[in-house]
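Dear colleague,

I am handing over the structure that we spoke about, and it is shown just below.

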Amino acid sequence: MKYLKNTRNDTLQYIYTLCNQYEKQGLQIKNSHMPLRDYAQFAIMKFMLYIADSDRNIRDSEVDIINDCLGFSLTRDYVVRFVEEHRISSDAIFDTVLSLLTVFINADIQNQAANGSTSLMLLDFLDELGLEFINYDGQYDDRQTKAMATLMLRLKNYRAAYLRTWKRMQHERINPFAPPVPSNPEERMETPASVPIEERRDITPTDSPKTKGELIDALTPASEKPKEPEPEPEPEETLEELLENLNSLTGLTKVKEDLNSLINLLKVHKMREERGLPQTHVSLHMVFSGNPGTGKTTVGRLLGKIYRRLGILSKGHLVEVDRSGLVSGYVGQTAMKTKKIIESALGGLLFIDEAYALTANTGSNDFGMEAVNTLLKAMEDNREDFVVIVAGYTDLMEDFLDSNPGLRSRFNKQIHFDDYTPDELTEIFCGICSKSFFELTDDAHECVAEFFKKRVEQKLPGFANGRDARNFFEKTLTNQANRLATLVSVTDKDLVTITKEDVESVELF
């Protein structure tokens, strides 16, 4: 174990040295002002936290590896609380590590490194670190292993596809330095800067920071804290681009028709306002009804941005909550909790999922109606720069609207999201594969189409529309990883190909 530790730490120091070298070559993380070395430390920390959280059981040995590898002195209690507050999804960790990997791939290309040697070294290091992390105390966990295998396979597929594309571009004498970047990256966690050994200190439950920003302050000596430059605002999508995004969503034909009509109405309304003509009030609060996984949140997020470009909302951001984010268990606290959420959503769109849960119970100890009354008042007081969308099952949303006389009058527009058809679910699955640089064989495509045909026909209680496509994709990656692990030699083509064998045994519950 000591040998593994020394080898791991030596490799990590080499990665840090490369980061300093690459930064001097002008390579950096896109849209990040963080030094490349610190970003590498951050990505590795997030990688380990993702594996640790995969089985929902943070062990002392896992905290020991994080501290030993990155030079921290965190306690298990603090790490547990930190992970509970900042759950790391598979897409979020993929996006974070992918940004670092892309720098190493570009460095290989610039330096003409044989077969992308440093980017391969980075992936090998993560592989070894992950295995050490999982098996450190001999307590093997299948969930951690599958989570790491799926993540590493996606990263290796990306690298293989990137280098293959570069080689083709090089042959055609095209500038290769234009790496594909996944769309809609999730918000990144912040990173702790490195801490010299003599200045490290323990973070105990009594003095541990409560936010990600405070974590950085706790781990960084005051003398080393740099003044961060103001980040440059990301370019906003035009109204035309946002409408194209809306209309390019798979399925949702009636939804798109209704929303395009509403948007046209708002365009005319805005023109009348600019020309000084009399205005009639247009209520923008809506009910999104339909089954889970039908794209309600995705459409809500796009709609907020569209309202922003139309000048209806000042910010256009989306704040998503459910009952637990609005209702407290004590008298007087629900109104305060709801007001805080409303304040965070002013200028944008408040999306309340499963809104019927607010009024499902009418007992004396339930405060859901208090949240509803607070919300109704805020909708009236901030009608010029605040939009609320309530969402949930169709029948239950009807009960919700009938529970308070003021609800139906304020939510006078209802958009229904139909379930996806088998062809649409197959299209969604294929779209996910394409974005992650995977190709389906013809018989694999036929197998996927047949699966979703049966899935829609049966519509068992676990049916989740678009989420089924995402879950099917993740299970497919696991099957592909297990198949490739048995091969003596794995080609680039193997890494990006999904076969019938990978999809035919997938089960969803």
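The feature to begin with is an open sheet, in which five strands pair in the parallel sense in the order β2-β3-β4-β1-β5. Two strands count as paired if DSSP finds at least two bridges between them, and the helices (H or I, at least four residues) and strands (E, at least two) are themselves DSSP runs, numbered from the N terminus. The edges are taken by β2 (318-321) and β5 (413-417), each of which has a single partner strand, so one side of each is left without a neighbour in the sheet. On average, and with direction ignored, neighbouring strands of this sheet are turned by 20 degrees against each other.

Before going further, please keep in mind that this is a predicted model, in which local features need pLDDT of at least 70 and side-chain atom pairs count only at pLDDT 80 or more, while totals for chains, interfaces and linings use all residues. Residues are numbered from 1 along each chain as its sequence is written, and side-chain values use heavy atoms, with hydrogens and water left out.

Within the sheet, strand β1 (residues 286-290) pairs with strand β4 (residues 387-392) in the parallel sense over four bridges, and valine 287 stands opposite valine 390 in β4. Helix α10 (residues 253-274) packs on the sheet, where it touches β1 and β5, and its direction makes about 150 degrees with that of β5. Here contact means heavy atoms within 4.5 Å, and axes are lines fitted to C-alpha atoms, for helices over the stretch in contact, with angles running from 0 to 180 degrees between N-to-C directions. Helix α11 (residues 296-310) lies across β1, β2, β3 (349-353), β4 and β5, and it runs at about 155 degrees to β1.

Helix α11 also packs with a helix: its axis and that of α9 (residues 239-247) come within 10 Å and cross at roughly 160 degrees. That makes α9 roughly antiparallel to α11, on a scale where angles under 35 degrees count as roughly parallel, over 145 as roughly antiparallel, 65 to 115 as roughly perpendicular and the rest as oblique. The crossing of α9 and α11 is left-handed; a crossing is called left-handed if the near helix is turned anticlockwise from the far one by less than a right angle, and right-handed if clockwise. On the α9 side the contact is made by Leu239, Leu242, Leu243, Asn245 and Leu246, and on the α11 side by Val299, Leu302, Lys305, Ile306, Arg309 and Leu310. These residues divide into eight nonpolar, one polar and two charged, where Ala, Val, Leu, Ile, Met, Phe, Trp, Tyr, Cys and Pro count as nonpolar, Asp, Glu, Lys and Arg as charged, and the others, Gly among them, as polar.

Aspartate 127, in helix α6, is buried, with a relative accessible area of 16%; buried means under 20% relative accessible area, exposed over 50%, and partly exposed in between (1.4 Å probe, protein chains only). Not counting residues up to four places away in sequence, aspartate 127 touches Met148, Met152 and Lys156. Aspartate 502, in helix α21 (residues 500-503), is buried at 1% relative accessibility, and with the same exclusion of residues up to four places away it touches Thr476, Asn479, Gln480, Arg483 and Thr497.

Most residues other than glycine have a negative phi. Leucine 252, however, has a positive phi near 55 degrees; it lies in the loop between α9 and α10 and counts as buried at 8% relative accessibility. Glutamate 354 has a positive phi near 50 degrees, is placed in the loop between β3 and α14 (368-381), and counts as partly exposed at 40% relative accessibility.

For the chain as a whole, there are 21 helices and seven strands, and buried residues make up 48% of the 509 residues.
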